[in-house]
Amino acid sequence: MSAAGQEGAHPPAIRRAAVIGAGVMGAGIAAQIANAGTPVLLLDIVPGAAARAVQTMLKADPAPFMHRAAAKRVQPGDLDADFAKLAECDWIVEAIVERPDLKRALYGRLEGVRKAGSIVSSNTSTIPLRDLTAGLPDRFAADFLITHFFNPPRYMRLLELVAGPATRPDAVAAIRDFADRALGKTVVECRDTPGFIANRIGTLWLQSAINHAVDLRLTIEEADAVVGRPMGIPKTGVFGLIDLVGLDLMPHVANSLLATLPEGDAYRALHREHGTITGLIAAGRTGRKSGKGGFYTRAKDAEGNSL
Ligand code: NAI
């Protein structure tokens, strides 16, 4: 059988996807789905935000996150005006703000529109799956899982998949298969534990680096010069990574972990609120996406490149 024939024998289960939330992650995930050849609806609650995100994906520096030819496969829209279009989608990725109440409210709304058997997944960093499905119908829990992409989705190969006790095994298999074959991800299935795997570990060293920088009165540049390379992030450094992730996500991640980690967990001992982070968030300097920088006041990374 020819290679094309073999492809035909295994038709992709995901023929049309949607991403809700056109921020740092949602826009990047939609771009990857489009790059892989699959049409994707990209919706945001802020009117016009999804259309702007498509342009950002084409401009991203140093290389675009989306191929120019893929842009025609992304259909940007506004959440309320275009909500009914979600009925056509086989896979709906939720990538809105890291708040369980808002995510659950959106899922409840999805129940009124999505087609039977469509798969819904959340890009949550740290919210346990059981909290996301609480109070929702059984049929929602059967079609739901967590797909935790890493930032930036274009370059980070890892994808954490978390299924709940009610998740249909064929829904997990369809997403694992699509992520592996179409998106080129290395899929790791995780249990529904706080922070899953990568953030359970990653938050420890991020918090540790912040604490040391504050205690030792280091500048951001000094701290990143010392810890960036040993921690395996030589290009942006630790603080450049937080600028990339978005400073505003940090308190949500901390709250979620503190609410779920067992007593005596190492993160509890390390966690400290630093006025620096809350001050920067209050000033609107939430990192790269803010256009005002974040830790790097002049919006430069550890190597002096523009962020
Ligand atoms: P972001 O703040 O950049 O974007 C969130 C977007 O969702 C915004 O455009 C906002 O207007 C929109 N939004 C908010 N509420 C909405 C609603 N009810 N309906 C539709 N759109 C809504 O956030 P980011 O960083 O992209 O995070 C999104 C999710 O991805 C969060 O769950 C976060 O924990 C997770 N995540 C973030 C990573 C990061 O590095 N920033 C990495 C991995 C996961």
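Contact between the two domains involves eight residues of domain 1 and eleven residues of domain 2, two residues being in contact if their C-beta atoms, placed from the backbone, lie within 7 Å. On the side of domain 1 that touches domain 2, three residues are nonpolar, three polar and two charged. In this classification Ala, Val, Leu, Ile, Met, Phe, Trp, Tyr, Cys and Pro count as nonpolar, Asp, Glu, Lys and Arg as charged, and the others, Gly among them, as polar.

The model is predicted: local features need pLDDT of at least 70 and side-chain atom pairs count only at pLDDT 80 or more, whereas totals for chains, interfaces and linings use all residues. Residue numbering starts from 1 along each chain as its sequence is written.

Eight strands form an open sheet of mixed pairing in the order 3-2-1-4-5-6-7-8. Strand 3 (74–78) and strand 8 (186–190) each have a single partner strand and stand at the edges, so one side of each lacks a neighbour in the sheet. From one strand to the next, the twist averages 25°. Strands (E, at least two residues) and helices (H or I, at least four) are DSSP runs numbered from the N terminus, and two strands pair if DSSP finds at least two bridges between them. Strand 6 (residues 144–149) and strand 7 (residues 158–163) run antiparallel and are joined by five bridges; T147 has L161 of strand 7 as its bridge partner.

Helix 2 lies across strands 1 (17–20), 2 (40–44), 3, 4 (91–94) and 6, at about 170° to strand 2. Axes are lines fitted to C-alpha atoms, for helices over the stretch in contact, and angles run from 0 to 180 degrees between N-to-C directions. Within helix 2 (residues 24–35) is A27, a buried residue with 31 other C-beta atoms within 10 Å; the classes are buried at 20 or more such atoms, exposed at 12 or fewer, and partly exposed in between, with C-beta atoms placed from the backbone. Beyond neighbours within four places in sequence, A27 is in contact with A22, L42, A53, T56 and M57.

The ligand is surrounded by 29 residues, the closest being G21, G23, M25, S125 and N151; a residue is near a molecule or strand if its C-beta atom, placed from the backbone, lies within 6 Å of it. Helix 2 provides the largest share of this shell, three residues. The shell comprises 17 nonpolar, nine polar and three charged residues, with at least three residues drawn from each of domain 1 and domain 2.

Note on methods
Domains from an automatic or database assignment.
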